[in-house]
Amino acid sequence: MSKKLVVIGAGMASGRVLEHLLEADKEAYDVTLFNAEPRGNYNRIMLSPVLSGEKTYEDIVTHDADWYEENGVTCRFGEHVTQIDRERKVVVGQNGEVAYDKLLIATGSAPFIIPVPGKDLPGVIAYRDLEDTNAMIEASGIEGGKAVVIGGGLLGLEAAAGLKARGMDVTVLHLMGHLMERQLDEAAGYLLRRSLEDKGIEIKCQASTAAILGEDKVEAVMLQDKTVIPADLVVMAVGIRPETRLATDTALEVERGITVSDAMVTSDPDVLAVGECVEHRGQLFGLVAPLYDQAKVVAKTLLDEAAEFEPKEVATKLKVTGCDLFSAGDFAEGPGREDIVFRDPARGVYKRLVLEGDVLVGAVMYGDTADGNWFFGLIKDKTDVSEMRETLIFGPAYQGGDSLDPMAAVAALPLDAEICGCNGVSKGQIVEAIQAGSTDLAAIKATTKASASCGTCTGLVEQVLATTLGDDFVIPAPASICGCTDLTHEDVRRLIKSKELKSQEAVWQELGWKSRNGCHVCRPAINYYLLADWPVEYQDDPQSRFVNERKHANIQKDGTYSVVPRMWGGMTTPNELRAIADAAEKYNVPAVHVTGGQRIDLLGVKGEDLPAIWADLNAAGMISGHAYAKGLRTVKTCVGKEHCRFGTQDSTGLGIKLEEKLWGSWSPHKVKLAVSGCPRNCAEATCKDIGVVCVDSGYQVGVAGAAGMDVKETERLMDCTTEEETIEVATAFMQLYRENAKYLDRPYKWVAKVGLDWVKEQIVEDIENRKALVERFELSQSIYQKDPWAELAQEEEAPKFAPLANLTLEAAE
Amino acid sequence: MSWIDIGSIEQIPVRGARVVKTKLGCIAVFRTAEDEVFATSDRCPHKDGPLSEGIVHGTSVTCPLHNWVFDLNTGEAQGADEGKIDTYAIRVENGRLMLDAAVMERSAA
Ligand code: SRM
Ligand SMILES: Cc1cc2nc3c(=O)[nH]c(=O)nc-3n(C[C@H](O)[C@H](O)[C@H](O)COP(=O)(O)OP(=O)(O)OC[C@H]3O[C@@H](n4cnc5c(N)ncnc54)[C@H](O)[C@@H]3O)c2cc1C
Ligand code: SF4
Ligand code: FES
C-alpha cells in the first residue's frame, strides 16, 4: 500500500517536488495537497506581466485540474491548514484532518507589513498572489488614480511599472539611498531610477513612511518628514518573512525559517520543508532557482534516495520592460576584492565585475546585459579568470581593441544642450558652425561667441570640435581633474549644469568616471559643484569632504583640533572673552592664539571634546567661525568713523553686516573680506578676496586680491553709494564665484581666467543679473546658513565623535 | 578564531570610519560605499596621521595629513609612497561588527 504524503502549500516549490516525485514513482505515495489560495499551482513570478496586462492568469497556470486528476493528487484548495499534530501524525485543515506518513511544509512567505498607523485601511495591499494582483488591476480602473508603492526592491518596482502601464500615477517610496540596494550597487541603482523616471514613475529614496492616512479607505501616505502624498492605492512591498507559524506551533526547530538539513528534513525525520519557508545553513531564499534545486532533493529524500541540497549563486533580473539589469553573486562585502568598472554614458551602459583573487565573485550590469549569463557561469564555476582579466569586462565576444571612449559624454549630449552658458550657445549651434567651415576654436569663438566670454567651456567646445571633425581635430591636452576622469574641472562644471546632474552617481555614470566613487582629489570637488549648482536637490555629503570640513575644526599635526568661534567683524565682548577663557581652562586647551583674521584660536582640542566645547561656546552666543572651510572665513574691519578721527563710514558695522549675510556659504576656496574706514586701510582691505574701502562719497568695492602664497592688490569692481548696494554687489560677486570657479581656485586666480571685464558685465552692467545672482545666493543660504557646531553638539550627533568601542577598558576587567 | 562585537555597522557612516581604542593604540574601522568593512591601524606610517579621518574611496583611504593613499585590503601604501599599515580581520554578522579577538590579546600583552 502507498504511504500517505501530505503537502501544505501549492506553490512554486511544492509544484516542482510533485513533478519530480510523480515522474520517478507514481505509486510511492497517496498525495493530499492543501492550498490556502483557492487554486492550484501557477507561476507566481509571472504575476507581474499579468499586472501590466502582457499576460492573463490562464497563461501562467502550471498545473491545471486535469493534471491533478491524472496524477491522483487529492486537492484541498481554498483550505487553510490550521495545525500539525506530530504526536498523532495528522494535519488539521479547516474542513477536517488528514493523516500522514510523511509531511511536506511548503508554505512560502508572508509579505512583511510595516507597523504604521493606517496599515489596515482598505486600499492597502501587499503583492504576493493573484488576489493582490486583481485588486491592483481593479484599483487602476479609477480615472486619474494615484498609487503609492512602498519598497523599491524587485517586487515594488514590478508593481510600480505594472500600475504605471495601467495608467495610474505612481510614486515609489524607498527607505534606502538607492533602488534595489540588495542586488544593485549605487551606479546601477542610479541608472535604473533614471529609466523608471523616464517612464513617468516618481521615485523618492530615503523616504521613511510614518503613517497611512484615510477615514474609511486609504487617502494618502505621510512620510517621517511630514510630506503627504495622496493615494487611492498603497502597495506594500517591503520584504517577506518565511511563513513558519504552523512549524513553530508544532515545536519544530525554527530560526528565521524552518531549519532543514541538506536532505531538506526538519528536526522531525518525518517532516520535510521546501521553498521560501525554510532556512538552510543560516540562509533564506527569495528566488525560485535554488527552490527548484531543493525540490529535486525533496523528491529523492521522499523516495529514500540520498541527496544533498547545495546552495548556488543566484542571479537577479527585473521584469520591467526597458530596464535591462542583471546582478549575480556577491559584490558587496568582504576584504581582498577588486573592481573592474566599465561605463558607456552614451548608451547608458554600466558594468561592474568584482574579483576575489583570480575568481569572479560578483557582477552587476545595466543597459547591456547580454553577457550576464556568461559572467554568471564564471561566478558559479569559480573559473580562474587571470588569463582574460584585461579584457574580461568586454565579455565573451571580445575581439581586441579598447572601446572606452573619453569623448562619449560630449558625444551623448543632445543638440540643444547648452555648452556656453555666458552666451547661451548650444551644442547644435556649434556643430552647425563647424559644418559651415569654422574648424578651430578661434573660428568657433568668432562665429558663435561660444567660449568667448568667461572661457570655462573651452574644453567642451574643443570636444564638440573633436567629435564632429573626427581625426581632423587634435585637442590640446588640458589637465583633467585626476586619474578618475579625462575631463577638466571646467568641463565637469558645465556638464553638471547642462546635463542637470544632481547626484554623485549621476556624475560618475553620465561622465564615465573610471573609479567606483572617485578619490580624495575629485570627490570633494564634485560634492562642492553639486551643492553649489543644486542647493535644493543635492544633499551635501560629509564623507566627500576633507576632515576639517567634516569635523568643523582644523586638524593639527598631532590629530587634535583647533576651535575658532566667529567674532563678527573682529568685535568681541567681555562675555565672549570670559566664555572663551572658561572653555580654554575646562578643556585644557594648550594654546590660545590671536589670529591674523581678528579672532581667537583655541588650539589642541581633543576630537572627542569638540561637541562639548562647541556647546559651551554656543551657550555664550558664539557660533563656528568656519576657520576650516572652503567658505566665508573672516571679515576684518577697522574701528571706522564711530571712533577714528579719519573714518568716513561705519566700516565695523558694514563688515558685520557683510559677515552676517555671507557666513555659512560654501565656495570653491576660502573667501576673506575686509572693510577699512578710509584709504589708510588699516583693515588691509586691498589684499582680500573682497575688500571695501570707505570714502566720503561711499564705498569702493575691490575684488580678487591676495596676500598668501601670492600677493596682489584688489581690482576695483565698482563704487557704491550705499551700504545696501555694497552688500548686494559683494553678494553677487560671491555667487558668481561660487557658480563658476574651479574648485580650489581663490577668486584672484579665477578672475585672472575669466577677466574682470566679464565679471563687471555680469554684476555692474547687468543689474537684473546681479539681482538674480543675489537671489540664487539667498536660496542656497536658506539651506546652508546654519551653525554646524549647534547641529553636531546635539545629543544624537555628539556620540559619533567618540570611539566606537573602548577595548582598553574591557581588557582591564 | 574568536570575535568581539564592537558595535553595529550603522554606527559608521557609509564611506567613513570610526576608531576602536585598544591598549596598543587606536584601530580604525572603515565602511565602504558597498558596506564592506575593514580594520587597520589608525596611524599613518608617514607622520602618524589619523587614517580614520581620511576620505574613503573605493577600498582605499587617503590620509588626512599629507594624502598618502592606502589599500585597505592589503594595508600597502599606493603609488610612489612606501609603507604599510597593519590590517585586522573583521566581519559583519547580522549587522554587527565582529573584530578579531586577537587584538585584545595583543592589547592585554
Ligand atoms: C589660524 C591662522 C594663523 C594665526 O594663528 O593667525 C591660520 C592658520 C592656518 N592657515 Fe592661514 N591662517 C590664518 C590667517 C591667514 C592669513 C591672514 C588673514 O586671513 O588675514 C592668510 C593670508 C591671506 C590669505 O588668505 O591668502 C593666510 C593664508 C593661508 C594660506 C595661503 C592661501 C593662498 O591662497 O595663498 C593657506 C593654505 C591654503 O589655504 O591652501 C593657509 C592655511 C592655513 C591652515 C588652515 C593650514 C592647514 O591647512 O592646516 C592653518 C590652520 C592652523 C590651525 O590648525 O588652526 N593660510 N592665513 C589664521 C586664521 C585666521 C582666522 O581667524 O580665520
Ligand atoms: C509578483 C512576484 C514576482 C516574482 N518574481 C520573481 C522572479 O522574477 N524571479 C524569481 O526567482 N522569483 C520571483 N518571485 C519569487 C517567487 O515567486 C518565490 O520565490 C516562489 O514563489 C516561492 O515558492 P514557494 O513554493 O516557497 O512559496 P509560494 O509560491 O508562495 O507558495 C506557498 C503557498 O502556500 C500556501 N500556504 C501558506 N500557508 C498555508 C497554510 N497554512 N495552509 C495552506 N496553504 C498555505 C500559500 O497560499 C501559497 O499558495 C516573485 C514573487 C512575486 C510575488
Ligand atoms: S603661516 Fe604656515 S605655519 Fe603659520 S599658520 Fe599659516 S600655514 Fe600654518
Ligand atoms: S601622516 Fe599620513 S600622509 Fe603624512
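Start with A:Lys351 and A:Asp368: their side chains meet in a salt bridge, 3.5 Å from N to O. By salt bridge I mean a side-chain nitrogen of Lys or Arg within 4 Å of a carboxyl oxygen of Asp or Glu. A:Lys351 sits in strand β24 of chain A and A:Asp368 in the loop between β25 and α10, so the pair ties together parts 17 residues apart in sequence. Both residues are buried, meaning under 20% relative accessible area; exposed is over 50%, partly exposed in between, with a 1.4 Å probe and protein chains only.

A word on the source. This is a predicted model: local features need pLDDT of at least 70, side-chain atom pairs count only at pLDDT 80 or more, and totals for chains, interfaces and linings use all residues. Residues are numbered from 1 along each chain as its sequence is written, chains are lettered from A in the order written, and side-chain values use heavy atoms, without hydrogens and water.

Next, which residue of chain B pairs with A:Glu608? B:Lys21, with the closest N and O atoms 4.0 Å apart. A:Glu608 lies in a loop of chain A and B:Lys21 in strand β2 of chain B, so this pair joins two chains. A:Glu608 is partly exposed at 41%; B:Lys21 is partly exposed too, at 26%.

Now within chain B. B:Glu10 and B:Arg31 form a salt bridge at 4.0 Å, N to O. They are 21 residues apart, B:Glu10 in the loop between β1 and β2, B:Arg31 in strand β3. B:Glu10 is exposed at 61%, whereas B:Arg31 is buried at 6%.

Over all chains, the search finds 58 salt bridges.

Conventions: Helix = DSSP H or I, 4+ residues; strand = E, 2+ residues; numbered from the N terminus.
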